[in-house]
Amino acid sequence: MHRTHAGGVRKGPLAIAGAAAVAEWGTLFATVRDAVVRKKFAAVPLATVATFLILLFSVVQHLPGGERFVNNIGVVRAALPLDVSLLRTPLSLYVPALDLPVWGALAQVFVVFAIAEIVLGRRMTLVVAYTCTLAGTLFARVGVAIGPHHLFGFPKWVAYVRDTGPSAAVVALAICIAFRCRAWLTAGLVVAVMIGEAVVLPNLAGLEHVVAVITALLIAVSVEVFGDFWPRVLAGVGAAASVAAAASREVAVEARRRTSAGAVIP
């Protein structure tokens, strides 16, 4: 800190940067720290399982015959029938790329999934991860179908490109975490980096990341606007279904009782 001519205190660059960091990530840090201190690794079972699955698939696909096995259960390509792609999409999220170091995928999945699991909750983390991964998968099919003469189209050979990995889910979760914690600068930075990637490297992965960003923004805005509206609606539907089932059982019991009573009357 430095004294001004008026006798006040002028903050230095480090103090300003520290205050900005606290304003941007203070809520996020406090939320994650409290959960980890109270529960340790029990706070992030989803992140732990996701990281283990990526490590498992990485090991298996480098074994003799392992790549064929992984291809048959977890690799998605736009050339595959839609129903097959939809069945494989949940596992495709955990299949790392063959030509990239697996430690990068392990690190980003554990860190981002763990933070998301604490900040967003386990169910919302899964919804965001799978929805945005599926959006990218469907975008690839549409891009191949419309062809390279369109802005977002792809040549036919892209239909046979292996479309797997957790990167789209990680990007989407980062957006939703930033929205939940009001880290607007971080959200804007992630969006800018993904758009820049797609402009500089206009390949399938880059455009899928942009699609994941758009999908995540839609989810985040919907949650901000509607809050817990849909969870309350689903809870109400569940309660109504339970009441209806209980009433049906009572009616059935009463009908059997009357039938039995009528049978014993001479």
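Q: At what angle do the axes of helix α5 and helix α6 cross?
A: In this predicted model, the axes of α5 (residues 102-119) and α6 (residues 122-146) cross at roughly 130° and come within 7 Å.

Q: How is that pair classed, then?
A: The crossing angle is roughly 130°, and α5 and α6 are therefore oblique to each other. The cut-off that matters here is 145 degrees, over which a pair would count as roughly antiparallel.

Q: Is the crossing left-handed or right-handed?
A: The crossing of α5 past α6 is right-handed.

Q: Which residues make the contact?
A: On the α5 side they are F113, A116 and E117. On the α6 side they are R122, T125 and A129.

Q: And how many of those are nonpolar, polar or charged?
A: The contact of α5 with α6 comprises 3 nonpolar residues, 1 polar residue and 2 charged residues.

Q: Stepping back, what is the secondary structure of the protein chain?
A: The chain has 10 helices and 2 strands. In order from the N terminus, the elements are β-β-α-α-α-α-α-α-α-α-α-α.

Q: How many residues are in the chain, and what share counts as buried?
A: There are 266 residues, of which 35% count as buried.

Q: What share of the contacts comes from residues 24 or more positions apart?
A: Among contacts with a separation of 6 or more, such residues account for 71%.

Q: Let us turn to T89. Where is it?
A: T89 is part of helix α4, which spans residues 82-92.

Q: Buried or exposed?
A: T89 counts as buried, because its relative accessibility is 4%.

Q: What does T89 touch?
A: Leaving out residues up to four places away in sequence, T89 touches V76, T133, L134 and T137.

Q: What about S58? Where does it lie, and what does it touch?
A: S58 belongs to helix α2, residues 45-60. With residues up to four places away in sequence set aside, S58 touches P96 and V102. S58 is also buried, at 9% relative accessibility.

Q: New topic: how many disulfides are there?
A: The count is 0 disulfides.

Q: Is C132 buried or exposed?
A: C132 is buried, with a relative accessible area of 0%. Another cysteine, C181, counts as buried at 8% relative accessibility.

Q: Moving along, what is the phi of R182?
A: R182 has a positive phi of about 60°, although R182 is not a glycine. Most residues other than glycine have a negative phi.

Q: Where is R182 in the fold, and how accessible is it?
A: R182 is placed in the loop between α7 (167-180) and α8 (184-200). Its relative accessible area is 40%, so R182 is partly exposed.

Q: One more loop residue: where does L80 lie?
A: L80 is located in the loop that runs between α3 (66-74) and α4.

Q: What is L80 in contact with?
A: Apart from neighbours within four places in sequence, L80 is in contact with V75, S85, R88 and R141.

Q: And what separates the C-alpha atoms of L80 and A159?
A: The separation is 8.2 Å, while the two residues are 79 residues apart along the chain.

Key:
Residues are numbered from 1 along each chain as its sequence is written. This is a predicted model: local features need pLDDT of at least 70, side-chain atom pairs count only at pLDDT 80 or more; totals for chains, interfaces and linings use all residues. Side-chain values use heavy atoms; hydrogens and water are left out. Axes are lines fitted to C-alpha atoms, for helices over the stretch in contact, and angles run from 0 to 180 degrees between N-to-C directions. Helices (H or I, at least four residues) and strands (E, at least two) are DSSP runs, numbered from the N terminus. Angles under 35 degrees count as roughly parallel, over 145 as roughly antiparallel, 65 to 115 as roughly perpendicular and the rest as oblique. A crossing is left-handed if the near helix is turned anticlockwise from the far one by less than a right angle, and right-handed if clockwise. Contact means heavy atoms within 4.5 Å. Ala, Val, Leu, Ile, Met, Phe, Trp, Tyr, Cys and Pro count as nonpolar, Asp, Glu, Lys and Arg as charged, and the others, Gly among them, as polar. Buried means under 20% relative accessible area, exposed over 50%, partly exposed in between (1.4 Å probe, protein chains only). A disulfide is a pair of cysteine sulfur atoms within 2.5 Å.
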